[in-house]
Amino acid sequence: MQRVVLYRKNGCALCDEVRALLSLFSVEVAEIDIETDPELHEKYFLEIPVVRINEEELDYRSIDYFELQKRLQ
């Protein structure tokens, strides 16, 4: 099974859109709020939402339905 993590923060409309996209697939998604961890906040602040599938990261510029479908099959 794929390990999927969504790095997000509260009040992020793009994060909500990616969450909705991920809900279209039969995967369990762990959500991590970057604002609870200073290191994650520094790393992802300008990049969220970020989806990690196994060990590969996709930032907001490369996340769409077709890209997720390809990587989650």
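Author: Let's start with Cys-15: in this predicted model, Cys-15 has a relative accessible area of 1%.

Reader: And what makes Cys-15 count as buried?

Author: Buried means under 20% relative accessible area, and Cys-15 has 1%, so Cys-15 is buried.

Reader: How do you know that Cys-12 and Cys-15 are joined by a disulfide?

Author: Look at the sulfurs. The cut-off is a pair of cysteine sulfur atoms within 2.5 Å, and the S to S distance for Cys-12 and Cys-15 is 2.4 Å, so the pair is a disulfide. A disulfide is a covalent bond between the sulfur atoms of two cysteines. The structure holds one disulfide.

Reader: Is that disulfide right-handed or left-handed, and what tells you?

Author: The torsion about the S-S bond of Cys-12 and Cys-15 is about 75°, so the disulfide is right-handed.

Reader: Is Cys-12 buried or exposed?

Author: Cys-12 has 10% relative accessibility, and buried means under 20%, so Cys-12 counts as buried.

Reader: Okay, on to Arg-8. Where is Arg-8 found, and why is Arg-8 called buried?

Author: Arg-8 is found in strand 1. Its relative accessibility is 14%, under the 20% limit, so Arg-8 counts as buried.

Reader: Now some charges. Why is the pair Arg-71 and Glu-67 called a salt bridge?

Author: Side chains of opposite charge can pair when their charged atoms come close. For the label, a side-chain nitrogen of Lys or Arg must be within 4 Å of a carboxyl oxygen of Asp or Glu. The closest N and O atoms of Arg-71 and Glu-67 are 2.5 Å apart, so they form a salt bridge. Salt bridges that share partners also join Arg-8, Asp-16, Arg-19, Glu-31 and Asp-33 into one network.

Reader: How far apart are Arg-71 and Glu-67 along helix 3?

Author: They are four residues apart in helix 3, so about one helical turn separates Arg-71 and Glu-67.

Reader: What about Lys-70 and Glu-67: what makes them a salt bridge?

Author: Their closest N and O atoms are 3.5 Å apart, within the 4 Å limit, so Lys-70 and Glu-67 form a salt bridge. Both lie in helix 3, three residues apart, about one turn of the helix.

Reader: How many salt bridges does the count come to?

Author: The count comes to eleven salt bridges. One of them pairs Arg-52 with Glu-57, with the closest N and O atoms 2.5 Å apart. Glu-57 is partly exposed, with a relative accessible area of 31%.

Reader: How do you know that strand 1 and strand 3 are paired?

Author: Two strands pair if there are at least two bridges between them, and four bridges join strand 1 (residues 4-8) to strand 3 (residues 50-53), so they pair. The two strands run antiparallel, and Leu-6 stands opposite Val-51 in strand 3.

Reader: And what makes strand 3 and strand 4 a pair?

Author: Three bridges link strand 3 and strand 4 (residues 56-58) in the antiparallel sense, and at least two are needed, so they pair too. The bridge partner of Ile-53 is Glu-56, in strand 4.

Reader: What sits in the loop between strand 3 and strand 4?

Author: Asn-54 has its place there. Asn-54 has a positive phi of about 55° although it is not a glycine. Its relative accessible area is 34%, between 20% and 50%, so Asn-54 is partly exposed.

Reader: Last one: what makes the peptide bond from Ile-48 to Pro-49 stand out?

Author: That peptide bond is cis, with omega near 0°. Pro-49 has its place in the loop between helix 2 (38-44) and strand 3.

How values were computed. Residues numbered from 1 in each chain as written. Predicted model: local features only at pLDDT ≥ 70, side-chain atom pairs only at ≥ 80, totals over all residues. Heavy atoms only, no water. Buried < 20%, exposed > 50% of the residue type's maximum accessible area, 1.4 Å probe, protein only.
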